[in-house]
Amino acid sequence: MIRSHVLVCGGTGCTSSGSPKIQAAFQSEIEKLGLAEEVKVVQTGCFGLCALGPVVIVYPDGTFYSNVTVDDVAEIASEHLLKGRIVERLVYNDTGAAEAKEGAEEAHASLNDTTFYKAQHRLALRNCGVINPENIEEYIAMDGYAALGKVLTEMTPDDVIQTILDSGLRGRGGAGFPTGMKWKFASGNRGNVQKYVCCNADEGDPGAFMDRSILEGDPHALIEAMAIAGYAIGANQGYVYVRAEYPIAVNRLQIAIDQAKEYGLLGKDIFGSGFDFDLGIRLGAGAFVCGEETALMTSIEGKRGEPRPRPPFPAVKGLFERPTVLNNVETYANIPQIILHGADWFASMGTEKSKGTKVFALGGKIKNTGLVEVPMGTTLRQIIEEIGGGIPNGKKFKAAQTGGPSGGCIPAHLIDTPIDYDNLLEIGSMMGSGGLIVMDEDNCMVDIARFFLDFTVDESCGKCTPCRVGTKRLLEILDKIISGNGELEDLDRLEELSNYIKSASLCGLGQTAPNPVLSTLRYFRDEYVAHIVDKKCPAGVCKKLVRFSIDADKCIGCGMCAKQCPASAIARTDYVAPGHKLASFAIDSKKCVKCGACLPTCKFKAISKQ
Amino acid sequence: MKSLAELAAIREKMKDKIVLREGGENTRIVVGMATCGIAAGARPVLNAFVEGVDREDLNGKVVVSQTGCIGLCQYEPIVEICEPGKEKVTYVKMTVEKAEKVLKEHIKGGKIVEEYTITSAQKA
């Protein structure tokens, strides 16, 4: 009889920091201790706290171990699993949980008490880190496939669409189009036309990994939701388009599809209802443009992944020119919950026009890097300061970037804005797929804009001129500014060109590509001006504008900096400062590569960076 | 899958197996499992509780867990019963037979087995 479960995270983050070895070590230690009949080791999906991986949770106590290494396994097994003594030094330490449990008898933090999890509301991620994604029965135990059963036996396809409409669910892939409307548009002429249900799992935004985590942690939720969508619009074939760079996700999804077929939850006559549904995986080769819906479907058709003009919209003419519903992974992950608990339940969460929850991938200058899910309308401050644990090293929050290369920046003075689709658009950003990159005072906003633009220039498919040529020109202007050759007129040129690209590009990639430039111009124009007029980078990031110099009167002539300099740019001068014995050093700015390696070597603070 | 009943059967069968992973307001049976506890025979006691909980169909309502040494080594094996909203009850010098009785009378019946508690042991 099993009395304890050891959950080892098998998400991509923890896998790359060694969780498979930890899982194997637990298995062998447990056998060595003769506990194989009592303790079960389970591989799960992502828990969300990726910065602290590999993570391990021991139930029934819910003890949360972080940064576990293979060497720690024997100790956890013999101390905790055999003797019941929690290995305190490995327990995730969290000030919030420590306060909460004061006075309580347990001296350790249980997972749900940590501030990281307490403020979250996990809906799309509800099974991630709880069930074994490679075991369909664990998903069924968490009410899995009950929504599909309910739909097929109790609801008409129109009931299903009405429920999704009433719930107010909007697409989680970025644009926020009402999901129910999409389904309704594709629902005409059921039974007479071949139709398709597709899933966009081509998560391309730098820093976003919520779709990957759902595929890895709860793949059956996606399968169930796609079958429900198939029933609603009258399609019996589905495709999941997932990027080949997600090997663990692809593997688990394939296992899940095979299991669903074996259990008769995919295939012919599901639940004896006469409804047939089959699902296949199509791999993308990692082109960012294939996250755009028309390009994605073109790619599934086996052609070069390029977008085409809309209309016709996919609901009318989509994959293979047939009516198609295309939703994002996170959108689908909400569907079974909405069917089971009802539209009102879902609509009770969130803001007036954005219902439910949203998953964010927290990254950048933040303590708790990882995946968080919060109700719509949560403020940026709550996400960053409470759940994210704030900015490390006591630095000051400067801005957050949402929506990746298509989005924009939210400056510090808007940190109390409740996050939903409409608010973000209003302040010049967008929800995007949910990447949230936090920036502190050491980030240069011009450099950030340049980073995202560099990405879109690379990823522009080249089909339409505004995007292909326009983004390239934008990048050139930015390069000019960060190298100290900018003119004030360049700012007007940036704005003018950005607006042309937005209005004239063929697809979402080009239409949103100038957003990082426009939003940084809007909120951080002074930084652009500093680069152009003062020829300075206030954050000290843009190398061509940074100057390192040595204060000859402070320099004692020890030569530590010169030893460290990789470019031999530091040499002794003839000048001996009053009161010093040795001649001082100076930096030759022509040879200096601005690496900053000299800075920490000087104990006398004689080197400065401007 | 031809029917909802089939799905429900799998769900029921599996639910007991993963209910461990849900926190919440459960009755907790905590067995002292430090070196002293194990030496005094805590393992069979722990197993008796685990098996008993399963046999009596108490999965999801009662959680069997372990703890370290609480400093009363002469009374080991020690078992604590923590019920939501109630005082903790500490049983001492437990055996498999005593465990069965505690399970039946205290956990199921709601009546504390006074003779095994630490208070009676200290009086004697």
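The model is predicted, and local features need pLDDT of at least 70, side-chain atom pairs count only at pLDDT 80 or more, while totals for chains, interfaces and linings use all residues. Residues are numbered from 1 along each chain as its sequence is written, and chains are lettered from A and ligands numbered from 1 in the order in which they are written.

**Stop 1: chain B**

Select chain B, which has five helices and four strands. Helices (H or I, at least four residues) and strands (E, at least two) are DSSP runs, numbered from the N terminus. Starting at the N terminus, the order of elements is α-β-α-α-β-β-β-α-α. Along the principal axes, the C-alpha atoms of chain B fill a box of roughly 65 × 30 × 25 Å. Of its 124 residues, 37% count as buried; a residue is buried if 20 or more other C-beta atoms lie within 10 Å of its own, exposed if 12 or fewer, and partly exposed in between, with C-beta atoms placed from the backbone.

**Stop 2: helix α3 of chain B**

Next, select residues 42–55 of chain B, which form helix α3. This helix has 14 residues and reaches 20 Å from its first C-alpha to its last, close to the 20 Å expected at 1.5 Å a residue; the expected span is 1.5 Å times one less than the number of residues. Colour the buried residues of α3(B), among them B:V45, B:L46, B:F49 and B:V53. What covers the buried residues of α3(B) includes β1 (27–32), α2 (35–39), β2 (62–67), β3 (79–82) and α4 (96–108) of chain B. Just after α3(B), B:D57 takes a positive phi of about 65°.

**Stop 3: where the chains meet**

Show both chains: 28 residues of chain A are in contact with 25 residues of chain B. Two residues are in contact if their C-beta atoms, placed from the backbone, lie within 7 Å. On the side of chain A that touches chain B, the elements giving two or more residues are α6 (136–141) and α7 (146–154) of chain A. The largest share of that side, four residues, comes from α6(A).

**Stop 4: helices α18 and α19 of chain A**

Select residues 445–459 and 465–482 of chain A, helices α18 and α19, whose axes come within 9 Å and cross at roughly 150°. Axes are lines fitted to C-alpha atoms, for helices over the stretch in contact, and angles run from 0 to 180 degrees between N-to-C directions. The two helices, α18(A) and α19(A), are therefore roughly antiparallel to each other. Angles under 35 degrees count as roughly parallel, over 145 as roughly antiparallel, 65 to 115 as roughly perpendicular and the rest as oblique.

**Stop 5: helices α8 and α11 of chain A**

Move to residues 157–167 and 219–233 of chain A, where helices α8 and α11 pack at an angle of about 120°, with their axes 7 Å apart. That angle makes α8(A) oblique to α11(A). Display A:P157, A:V160 and A:I161 of α8(A) with A:I228, A:Y231 and A:A232 of α11(A), which make the contact.

**Stop 6: residue A:A606**

Finally, select A:A606 in the loop between β17 (585–587) and β18 (607–609) of chain A. A:A606 counts as buried because 21 C-beta neighbours lie inside 10 Å. Not counting residues up to four places away in sequence, A:A606 touches A:I550, A:D551, A:K554 and A:C555. The C-alpha atoms of A:A606 and A:A504, 102 residues apart along the chain, are separated by 53 Å.
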